There are 2 protein chains.
Amino acid sequence: MKARLLKIGFRDVKQDVFKRIRSSEWGPGALLPGEVDLAAEYGCARTTVNRAMQELSDDGIIERRRKGGSRVRLAPSRQVTFEIPRVRAEIEAKGADYCYELLSSAVVKAPRWLEVRLAVPNATRVRHVESLHYADGAPFQFEDRWINLSAVPRAEGADFAALSPNEWLVSEVPYTTAEVRFSATGASGSIATNLKTMSGAPIFLTERTTWLAEAPVTYVRLYFASGYQMIARY
Amino acid sequence: MKARLLKIGFRDVKQDVFKRIRSSEWGPGALLPGEVDLAAEYGCARTTVNRAMQELSDDGIIERRRKGGSRVRLAPSRQVTFEIPRVRAEIEAKGADYCYELLSSAVVKAPRWLEVRLAVPNATRVRHVESLHYADGAPFQFEDRWINLSAVPRAEGADFAALSPNEWLVSEVPYTTAEVRFSATGASGSIATNLKTMSGAPIFLTERTTWLAEAPVTYVRLYFASGYQMIARY
DNA sequence: AAGTGGTCTAGACCACGAC
DNA sequence: TCGTGGTCTAGACCACTTC
């Protein structure tokens, strides 16, 4: 029995309950004590226990049901969470020099596949921008972006030679929702040339589609130079 | 002015504040009203506002400081969160048949590179297991796993022909912490053969290192068949 | 020194869902 | 039906930071 010099906080409760789960005091599927009981045991308010348990639930450690109580998850479905990397920040965080180059820019009618992806009407005008991001002078990421001009008309006149589309959009259209897809692909001709790798070399690809409250804003393909790794902890 | 039939909840506050940020009522960097003021405005308790703001902070929309107040983030650093994919669940979720095959298993001394990765002493014994996961009869994922026997002695006698190492570990050693790395690589000989792709084909690779309270448990490389995508929303 | 967010409390009511 | 978690409240004290 340990002396309780300080008040019990929700972090203490969370940590202790987690420890007891790890130590097999409560095995997978086991029913945990109710919030009222835990509050009595820890000598704190039920609200405090509630917050602790809520976080354990968010973390995928336990499952909670009204009337059913809280149970240790059978197959803990942990979640990874990591920040969406902004290229510039990502490069500068490594201590490397960031540099950006605009390769091409044109206003066109959206090709069919893009119409489908963004769910925009036929003949929607989009701005297509290709650019390259360097780390310490070496190609780091090739960016192939399409911006929906009916959602962001001001993008038509933006100077993407001065400011990358990425940063322009962040400053102009923040607080969007997005879908991200990660995959591996082979470096096709122009991409291989730009990233200075062999044709067919394995490339880490990020695709992102972005909406501003229902309105499709942009679709972008980010091709990373060889050796790129995305890292997360949980 | 809308009629307020129901009590204001933290979700309402969160959503409304977010809407006001998106509508540029509060631009990037702007100082938001204090919790007390917002509580008065919404006609609810400060605790309710606090929870809403806390979540907006977690979501990367705003930044909060004691005494400094809450501000809209200049560069919203949104976070992606997605579930750690369990192969079986992932395959069955697609409505495909899951099937598993053990390719090889051996107990050996950890090679040097693994010693370094897991930070284990020289001559640590590990179990090396190679296996293949099928979706509807087609190779889906090749698994190359190393298990630290000094951390999980029981793994030495486990029957990985019946149960995949993944599922065995989840049932035996749940609630671990982990580091995950995603990258693209080329299919080398044995991997190409097993995944039935051409040698050199781009492969999506997941590497995961797992600890149980400081003790390194396992390191695994997961090679996915061509066309695999990892998807997340935020 | 003072103001703002961070957290705890004790009590209350409600909604879901197992029984 | 009724127990359990979900949420709100009103009030309080504390801790961090800016002033």
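A backbone N or O atom of Ala45(A) lies 2.7 Å from a phosphate oxygen of DNA strand C, a polar contact being a pair of N or O atoms within 3.5 Å. The model is predicted, with local features needing pLDDT of at least 70 and side-chain atom pairs counting only at pLDDT 80 or more, while totals for chains, interfaces and linings use all residues. Residues are numbered from 1 along each chain as its sequence is written, and side-chain values use heavy atoms, leaving out hydrogens and water.

Chain B also meets the DNA backbone: a polar backbone atom of Glu35(B) is 3.1 Å from a phosphate oxygen of DNA strand C. A base is reached too, as a polar side-chain atom of Arg46(A) lies 2.9 Å from a base nitrogen of DNA strand C. Around DNA strand C there are 25 residues, of which Gly9(A), Phe10(A), Thr48(A), Arg46(B) and Arg64(B) come nearest; a residue is near if one of its heavy atoms lies within 4 Å. Helix 3 of chain A gives the largest share of this surface, 4 residues. Helices (H or I, at least four residues) and strands (E, at least two) are DSSP runs, numbered from the N terminus.

Turning to the sheet, 7 strands form an open arrangement in the order 4(A)-5(A)-6(A)-9(A)-8(A)-7(A)-10(B), with antiparallel pairing; two strands pair if DSSP finds at least two bridges between them. Strand 4 (98-109) of chain A and strand 10 (229-233) of chain B are the edge strands. Strand 10 of chain B joins strand 7 (residues 177-186) of chain A over 5 bridges, and here Ser183(A) stands opposite Gln229(B).

How values were computed. Chains are lettered from A and ligands numbered from 1 in the order in which they are written. A polar contact is a pair of N or O atoms within 3.5 Å; within protein, one must be able to donate a hydrogen and the other to accept it, and residues adjacent in sequence count only if both atoms are side-chain atoms.
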